[in-house]
Amino acid sequence: MRFVDEFRDPGLGRALAGEILSLVEPGREYKLMEVCGGHTHSIYKYGIDDLLPENVELVHGPGCPVCVIPMGRVDDGMAIAENEEVIFTCFGDMMRVPGSEKSFQDAKAGGADIRMVYSPLDALRIAKANPDRVVVFFAIGFETTAPSTALTLKRARAEGIENFLCICNHVTIVPPLRALLESPDMRLDGFIGPGHVSAVVGARPFEFIPADYGRPLVISGFEPLDILQGIRMILAQLAEGRCEVENQYSRVVPYDGNPAALAVMSEVFELRPHFEWRGLGFISQSALRLSDAYADFDAELRYATPGVRVADPKACQCGEVLKGVIKPWECKVFGTACTPEHAIGTCMVSPEGACAAYYNYGRFAREREVV
Amino acid sequence: MSTSSDAPVSDREQRILDIIEKTRARRPKFKSPNVTMAHGAGGKATQTLIEGLLVPAFDPDEAGLAVLADSGGVKIDETGIAMTTDSFVVKPIRFPGGSIGELAVNGTVNDLAVAGAKPVAITIALILEEGLPTEVLRAEVDAIASAAVAAGVEIVAGDTKVVERGHADQMYITTTGIGAIDPRASLSPRALRPGDQVIVSGSIGEHGTAIMLAREEFELDAEIESDTQPLWEAADALLGAAGPDLRCVRDATRGGVATVLNELARASGVAIIAREGDVPVRADVRGAAEILGIDPMYVANEGRLVAFVAPESAGAALEALRSVPGSEGAAAIGEVKTEPIGMVLVETAFGGKRVMDLLAGDPLPRIC
């Protein structure tokens, strides 16, 4: 495939792996966090871990928008989805995320009209085709997907579509990063910055990380060579004693982001005072709700929802796993109360989460040997 | 941290790994309050349905069904007979490269073929939705008839039922087939040995991709046709070339090649490593899968088999397969290993390694 295979060249990959090896000091441990779930997926898909020296460890960050949705929000969505007049729509990978009692997939099997969509515009199309039903879109994602929800709502308003509502769970990337960095036991040496979030917000919002916390961040693309080059750039900064925001993904990310996307977001959304993250707890000003101007599209105002916070069991230590303080198996609920079939924390929800990978692949996840 | 990868495994970690391995090895229990679409997708949920609910009821001694082969074997007066059954609910019923009628014949004859049995006869049961246009029915009946001729099987019995509008989606077909077990065949999902070679009979992922595109849920156009075809000739060629060195054959339908590899790694207590770069995938299938966020290794095929052959006969098996029309694109894609037991690994084209597990449920597209 043109424009794709170029970024997956194994020869160039080996060359970058060699450069990375020459940049690390033997005996020093490097913990780098890839913030974005998309990076985690690529790292896993291409086996990038395998190409890194043993003392460079990748820590999967809080940037999987599906995994950070807490059970209480899933329950709220469920309460709306189970209204008879509602057609409930969400992205495919949201279908399996557990609420306190069930997932949307289970609710669908129980008779709720729940449909998978690829874009909020698909949900709007369903609303137009079913004027006698109420179509609710369960909006999730970071700044990557928020603009498309905002544009869809603008279009719904322009076309006078009244049977389309939105449950807004959009979150923002900077507050959880700050929360991680604020923690006194944080053990991370650098960050692979999110590529597509940055295409919207730009590189500027990450300047506080080197400035206030002394950690380098390199915004990277999602192809395997992008990620390896991003890692190489972070390690070069550490080796040279530099600490700054750099942009590996310059073919997509402008320093100031995408002003049109930011404008539509600020028209349609406003910050929530606080929002709960699965495994991380409440983080202030970390999520978006519909602005007053768009309140008539807000499903949470139209329907009663339990709005109950379903507490993660106290023993859940996702926060510590994410900060690199403990290994998955050191968590008190790992493998007992928290399993892939009944996940408690974000690290177990996503199959690529650190805990799920460790649970599923056990010794192989540690030793990576085939004989 | 105490556990860099060269440090010894601590006692506590060892204990937790043991608990997990024991839990995973246990027969799954079916705990779901309802059947969900995931139970039909061929991944972990399907496995739980079969092993947790059906096997305990139908085969408590785990002698027949529990082997989980594509066909069951029975002996009648010392003649080995293979028998299998399959239902077809594909939507849309016509798609590029085939239709539900053709699929219903090929699906069942292929389950016989990969069990080393020459398909002999099938039965057809039709469940029709009230209001189905006769021309649609006639077209499928014709498709069934010509597929049966092409596969060399007789249609010896049948049944029809009509259900009210809305109680079925146009038409469903169930076929049951019997075949004569070939004397050269000694196939078993438990027969894999380290060193065995893994061969696929052609490019993968075409049927599932053709169906996804034919549903027109995505604004994607590509001329991808289903690979549906009968596989007895291919199985016959493999038996001729490898004889007793042919350990096991599977058709890579629901859940794709990845699911076949996982089921057999578990059944035989071995590891399998697949080489991603050697797996034949057409460029347009790769492109569609890339856009949809789906791995072709998990996409259904209807005319592709996966064969496991002892290393001494692997070359001959591959050559024989390539001489069969429809299987010219056969390729060796991997090898059976000793450890980690029950796991499938992929050597990625980029040069890394990863685990290729059973899917948890439907292959759901990712947003990120």
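Modeller: Two residues are in contact if their C-beta atoms, placed from the backbone, lie within 7 Å. This is a predicted model, in which local features need pLDDT of at least 70 and side-chain atom pairs count only at pLDDT 80 or more, while totals for chains, interfaces and linings use all residues. Residues are numbered from 1 along each chain as its sequence is written, and chains are lettered from A in the order in which they are written.

Biologist: How many residues of chain B are in contact with chain A?

Modeller: By that cut-off, 43 residues of chain B are in contact with 52 residues of chain A.

Biologist: Which element gives the most to that side of chain B?

Modeller: H1(B) does, with 6 residues, where a helix is a DSSP run (H or I) of at least four residues, numbered from the N terminus.

Biologist: What makes H5(B) and H8(B) oblique to each other?

Modeller: Helix H5 (residues 206-214) of chain B packs against H8(B) at an angle of about 60°, with the axes 10 Å apart; these axes are lines fitted to C-alpha atoms over the stretch in contact, and angles run from 0 to 180 degrees between N-to-C directions. Angles under 35 degrees count as roughly parallel, over 145 as roughly antiparallel, 65 to 115 as roughly perpendicular and the rest as oblique, and H5(B) and H8(B) are therefore oblique.

Biologist: Which residues of H5(B) and H8(B) make the contact?

Modeller: Glu206(B), Thr209(B), Met212(B) and Leu213(B) of H5(B) meet Val285(B), Ala288(B), Ala289(B) and Leu292(B) of H8(B).

Technical notes
Helices (H or I, at least four residues) and strands (E, at least two) are DSSP runs, numbered from the N terminus.
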